[in-house]
Amino acid sequence: MPELPEVTTITSQLKGSVVNKKIKDVIIKDKRLIKAIPPKKFKSKIKGKTIKDILRRGKVLVLKLDQKLFFVIHLRISGWLMLSKKEEQYARVILALSDNKLLNFCDMRALGEIKLVEDWRKLPIIKTMGPEPLEIKKENFIELFKNRKAMIKPLIMDQKFLAGLGNIYAQEALFCAGINPERKASSIKKEKLEKLYDCLISILKTAITKKGSSSNTYRQLDGAQGSYIPLLKVYQREAQPCFRCKTLIKRKVTASRGTYFCPQCQR
DNA sequence: AATGGGACCTGCGCGC
DNA sequence: TGCGCGCAGGTCCCAT
């Protein structure tokens, strides 16, 4: 799934449903997702613990348990969480909760991961993570791009540069701002960067309101799809007319990721 | 410092 | 129908 709007959606839905629930049991269907701790030890450590809070940083989801323990989830490409009464298809790790519901960590491609740590802020992925796009001020956002020679699209997708953007929302924001995905970051005028900032904020906020995009496996906690897909302007619209100028949307590979853009509007 | 390619995985849709 | 290929919303690691 999971870019910032999707993980944000999961976070708020978990807050409303699993906080103060006790973990009665853990069912490990696929131990490959459990990182850096033997599955047996993993099980015994969290059994009986209570979920105290849900946190998010970038695309990382954190379940704060009692006794200074953090259950850290990264959904990677194809992971999603589902709270239900039964074991779901593609469930890899399942938490059986005290209200008899099952928190299913489903993942088609099994690339997601779970870590159990005493201090989640010490994880390398967290320590090196860039600012949150919905928290950084405009002037500080503009500053980030100074002297950066990388192409704009891979740069804003770099989690060390800016947290939470992935391949969908990066492309949508660049279309909105009229910036070619391969433009060198430092060559972009201040006004364009300001526009990019406004676009990012508005797209991310709207996507959160729509509870994410379900173009693939992503689901909300109850299994429903997110509803941002109809609002996408370029993503997966190859050879369809640009909504702004009717030029056909192109797809090309940039930094080994598929990239959709309007060759006319995005310079 | 920055970029490119491969690895990790499974499943889908497409063309032949 | 069956098969092979490209493609998929992420990140890390290595080589250059």
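This is a predicted model: local features need pLDDT of at least 70, side-chain atom pairs count only at pLDDT 80 or more; totals for chains, interfaces and linings use all residues.
**Domain layout**

I started with the spacing of the two domains: the C-alpha centres of domain 1 and domain 2 lie 28 Å apart. The contact between them draws 21 residues from domain 1 and 19 residues from domain 2. For the bounds in chain A I wrote down 4-127 for domain 1 and 138-261 for domain 2.

**The interface between the domains**

Next I looked up the buried area. Between domain 1 and domain 2 about 1600 Å² is buried, and carbon and sulfur atoms give 66% of that. What about salt bridges between domain 1 and domain 2? I got a count of zero. Polar contacts do turn up, with eight residue pairs across the interface of domain 1 and domain 2, both partners at pLDDT 80 or more.

Which elements supply at least two residues each to the side of domain 1 that touches domain 2? I found α1 (4-15) and β5 (79-84). On that side of domain 1, α1 gives the most, with eight residues. I also sorted the side of domain 1 that touches domain 2 by class: 11 residues are nonpolar, seven are polar and three are charged.

**Around the DNA**

Then I turned to DNA strand B. By class, the surface near DNA strand B comes out as six nonpolar and four charged residues, with no polar ones.

Which part of DNA strand B do its atoms within 4 Å of the protein belong to? I get 75% in sugar or phosphate, and the rest in bases.

An N or O atom in the side chain of Arg32 sits 3.4 Å from a sugar or linking oxygen of DNA strand B. Arg109 reaches a base: one of its polar side-chain atoms lies 2.8 Å from a base oxygen of DNA strand B.

**Salt bridges**

I count 13 salt bridges in the structure, though zero between domain 1 and domain 2. One that I followed up pairs the side chains of Arg56 and Glu132, at 3.0 Å from N to O. This pair links distant parts of the chain, 76 residues apart. Arg56 is in strand β2 (residues 51-57), whereas Glu132 is in the loop between α3 (124-127) and α4 (138-144).

How values were computed:
Residues are numbered from 1 along each chain as its sequence is written. Chains are lettered from A and ligands numbered from 1 in the order in which they are written. Side-chain values use heavy atoms; hydrogens and water are left out. Domain bounds come from an automatic or database domain assignment. Contact means heavy atoms within 4.5 Å. Buried area is the accessible area (1.4 Å probe) that two parts lose on being put together, summed over both. A salt bridge is a side-chain nitrogen of Lys or Arg within 4 Å of a carboxyl oxygen of Asp or Glu. A polar contact is a pair of N or O atoms within 3.5 Å; within protein, one must be able to donate a hydrogen and the other to accept it, and residues adjacent in sequence count only if both atoms are side-chain atoms. Helices (H or I, at least four residues) and strands (E, at least two) are DSSP runs, numbered from the N terminus. Ala, Val, Leu, Ile, Met, Phe, Trp, Tyr, Cys and Pro count as nonpolar, Asp, Glu, Lys and Arg as charged, and the others, Gly among them, as polar. A residue is near a molecule or strand if one of its heavy atoms lies within 4 Å of it.
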